[in-house]
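These are my notebook entries on a structure that I was asked to look through. I kept a separate entry for each topic.

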2 protein chains.
Amino acid sequence: MSAAFAIHAECTRSHARAGLIETRHGAIETPAFMPVGTQASVKALAPRELLSAGAQCVLANTYHLWQRPGADVVRGAGGLHHFMGWQGPILTDSGGFQVLSLRHLCRIDERGAAFRSHLDGEERTLTPELAMEVQAGLESDIAMALDVCPPYPCRSLELLEATERTVRWARRSLASGHGPGQAVFGIVQGGIDTELRRRAASALAAMEFDGYGIGGLSIGEQREETWPALEAAVAALPPDRPRYLMGVGAPGDVLKAVARGVDLFDCVLPTRLGRNGTVLTRQGSLNLHRPGLASRTTPLEADCDCAACTEFSTGYLHHLVRAGEDLGLRLASLHNIRFLIRLVAEARRAICEGEFDEMLRRVGGGPHHAAILSGASVS
Amino acid sequence: MSAAFAIHAECTRSHARAGLIETRHGAIETPAFMPVGTQASVKALAPRELLSAGAQCVLANTYHLWQRPGADVVRGAGGLHHFMGWQGPILTDSGGFQVLSLRHLCRIDERGAAFRSHLDGEERTLTPELAMEVQAGLESDIAMALDVCPPYPCRSLELLEATERTVRWARRSLASGHGPGQAVFGIVQGGIDTELRRRAASALAAMEFDGYGIGGLSIGEQREETWPALEAAVAALPPDRPRYLMGVGAPGDVLKAVARGVDLFDCVLPTRLGRNGTVLTRQGSLNLHRPGLASRTTPLEADCDCAACTEFSTGYLHHLVRAGEDLGLRLASLHNIRFLIRLVAEARRAICEGEFDEMLRRVGGGPHHAAILSGASVS
């Protein structure tokens, strides 16, 4: 196994756990939130800022980097860490989710996903083997097996086919090998069908993956459908391997998923919200364009240690987004990433100290504290 | 006088000089290049990055900040330094250049410039007195008198009127007072008419300004017209006050103006070029979109100490701009600002060591080194 995983503490009243994943480029304390750098750049932010925000691992995307600049260019630059100037762990997503977004332009068969490149119009085929080869060239620390991410909603037959094909592709990915010291995670699909989730997870659990992604959730379904599907997957996965809930980053969802045994998260939410001028706070999300903020001399959050909160006032950030200044969106993105990293770090401490149950109640239980779990906006 | 100016060294073969301006928020070693933060933000860059790039003083714009967020908001935030998080010297331009850009929407008479706001459509009048009052509220270290910047080309009568009105407005600006400890600079207009420049400079020299801006150059005229106009102004200004050539920042122009006795520069060029993906180098400007850069693992400039050059390769910056990633434009802007600051710092050292003449020859003299003075692109 290329990514050792140790569990430091477990919650007695939920499935939450605190752990440590070791990779070639350092350790990741879990639960962890990983900022997304699809094209080898977390939007508008420099690696040193991610480090100062407490990021332990960043994501990059195999599908995107394969097409531009190409794995050969990244390899020639000494691998993805050198290329993008991030020396910590990197997880590369395989491209299954991108294939989903492009599914009307693409043809998936048992061999792989064939599509016209959105860059040069050329026909390309991404296979499970090629995705592993590209990720080996990128030299990421954690590679994801290529999956077929079914849409939501999805007809039963299509869902069944995507879920089972993802299992077969996972087997082919493992068989095709990986880069030296590179960890490989399989991906559990199955939509909101708990029985399909259980079967997919069981099948993947029987293979020697270093960890497991749980994909295809939070793509439009109701949360009452999300949690049973997640629970079914987690129950069938080996407890001694990290579990990664892909693409989920709403603060309330993150805490609820931690309670269900998830260790890793990624999401474009903090940077996407930031680029729209919206910031996450413990009182809910706040749109910085909102009138009435001009004279607010206090920071976004008094106890936040990010550069946006320690160096600037809410009034100044409001001015920046109203004036169309990029610095405002950049600072909002940084704050949002720091917000999620602080949230999971607090969850980790609470798990280690046996107080996670209490934290869940404190943050999301009372009528005045429900904002973070409900995702409400500050009124 | 609110901004003491000491001359440390003078070039024997040109009018270049090395000096020190002292302000309430620290000293400025001259010649100096000042990054432009029109709306209280140097585009895409944080104050700590400007500091790391060696910026000593930043610009902000009276006209813009008066309209948004308003001087009262900035005053309520504790002044512009607190508001924007920049603790070094700040120079506020008065708005004359903005009135020029909006002259088809605006009515200038002896009292001031009346125009419809581009933000809310309301009619507003900026007078010399109001410009000083707003700048006192902003608490900038150096305030500029409101001027009338004539366009280029310009009919004789309009040029004469703008130049003489600028002198009368300068007198009114001085008479209307300034913030405590705030320095006030007058502005010399006169277009490319050397006699008008001389007369305007002489008239302003007779008033007790702390320094002098030279405006209305590099706005479309040929450089053979620029330099005589600049020389005529400089010759009539008091040698013991700083001279600030407004809006000029092309590397070759900066060195040539230093040789003609200019101490201060500002220009949006480095950030504007950066946002277009173009970087300044000693070999000329380089468009980062250019094919053939993908595999370049060396930095933009081997001897540059900016974050773009010390942390990233040219190939990665090429990837960022091609992929539309904001980080690329941000790093290009930072490099360009650092480039100009290094250039004037090198000029200062050369002046102090009696080698400025030699520097001019080395950087701009030989056939292979002409790029920086001619502004050529790297082929």
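The entries below run from conventions through overall form to local features.

**Conventions.** I worked on a predicted model, in which local features need pLDDT of at least 70 and side-chain atom pairs count only at pLDDT 80 or more, while totals for chains, interfaces and linings use all residues. Residues are numbered from 1 along each chain as its sequence is written, and chains are lettered from A, with ligands numbered from 1, in the order in which they are written.

**Chain A overall.** I looked up the secondary structure and found 16 helices and 16 strands in chain A. Helices (H or I, at least four residues) and strands (E, at least two) are DSSP runs numbered from the N terminus. I then checked the radius of gyration, which is taken over C-alpha atoms. For 379 residues a compact globule would have a value near 21 Å, and the 20 Å of chain A agrees with this; the globule rule is 2.2 Å times the number of residues to the power 0.38. Along the principal axes, the C-alpha atoms of chain A fill a box of roughly 60 × 50 × 40 Å.

I noted that 58% of the 379 residues of chain A are buried. A residue is buried if 20 or more other C-beta atoms lie within 10 Å of its own, exposed if 12 or fewer, and partly exposed in between, with C-beta atoms placed from the backbone. Of the contacts in chain A between residues at least 6 apart in sequence, 68% join residues at least 24 apart. Two residues are in contact if their C-beta atoms, placed from the backbone, lie within 7 Å.

**Domains of chain A.** I recorded domain 1 (4-267) and domain 2 (274-374) in chain A; such bounds come from an automatic or database domain assignment. The centres of the two domains, taken over C-alpha atoms, are separated by 26 Å. I found 27 residues of domain 1 in contact with 26 residues of domain 2. On the domain 1 side, strand 1 (4-10), strand 2 (17-23), strand 4 (32-34) and helix 10 (251-259) of chain A each give two or more residues. Helix 10 of chain A gives the largest share, six residues. By class, that side has 17 nonpolar, five polar and five charged residues. Ala, Val, Leu, Ile, Met, Phe, Trp, Tyr, Cys and Pro count as nonpolar, Asp, Glu, Lys and Arg as charged, and the others, Gly among them, as polar.

**Contact between chains.** I found 31 residues of chain B in contact with 31 residues of chain A. Helix 3 (71-76), helix 4 (80-84), helix 13 (314-322) and helix 14 (326-352) of chain B each supply at least two residues of the chain B side. The largest share, five residues, comes from helix 13 of chain B. I noted the classes on this side as 15 nonpolar, nine polar and seven charged.

**Strands 5 and 6 of chain A.** I examined strand 5 (residues 58-61) of chain A, where Val58(A) and Ala60(A) point one way, Leu59(A) and Asn61(A) point the other way, and all are buried. Side chains of a regular strand alternate between the two faces of the sheet. Strand 5 pairs with strand 6 (residues 90-93) of chain A in the parallel sense over four bridges; pairing requires that DSSP finds at least two bridges between two strands. Asn61(A) has Asp93(A) as its bridge partner in strand 6 of chain A.

**A sheet in chain B.** I looked up an open sheet of three strands with the order 7-8-9 and antiparallel pairing. Strand 7 (106-108) and strand 9 (123-126) of chain B are at the edges with a single partner strand each, so one side of each has no neighbour in the sheet. Strand 8 (residues 113-116) and strand 9 of chain B pair over four bridges, and Ala114(B) has Thr125(B) as its bridge partner.

**Backbone exceptions.** Most residues other than glycine have a negative phi, and most peptide bonds are trans. I found a cis peptide bond between Arg68(A) and Pro69(A), with omega about 10 degrees; Pro69(A) is in the loop between helix 2 (62-67) and helix 3 (71-76) of chain A. The bond from Arg68(B) to Pro69(B) is also cis, with omega near 10 degrees.

Glu139(A), which is not a glycine, has a positive phi of about 65 degrees. I counted Glu139(A) as buried because it has 24 C-beta neighbours inside 10 Å. Ser218(B) has a positive phi near 60 degrees and lies in the loop between strand 12 (211-214) and helix 9 (223-236) of chain B.
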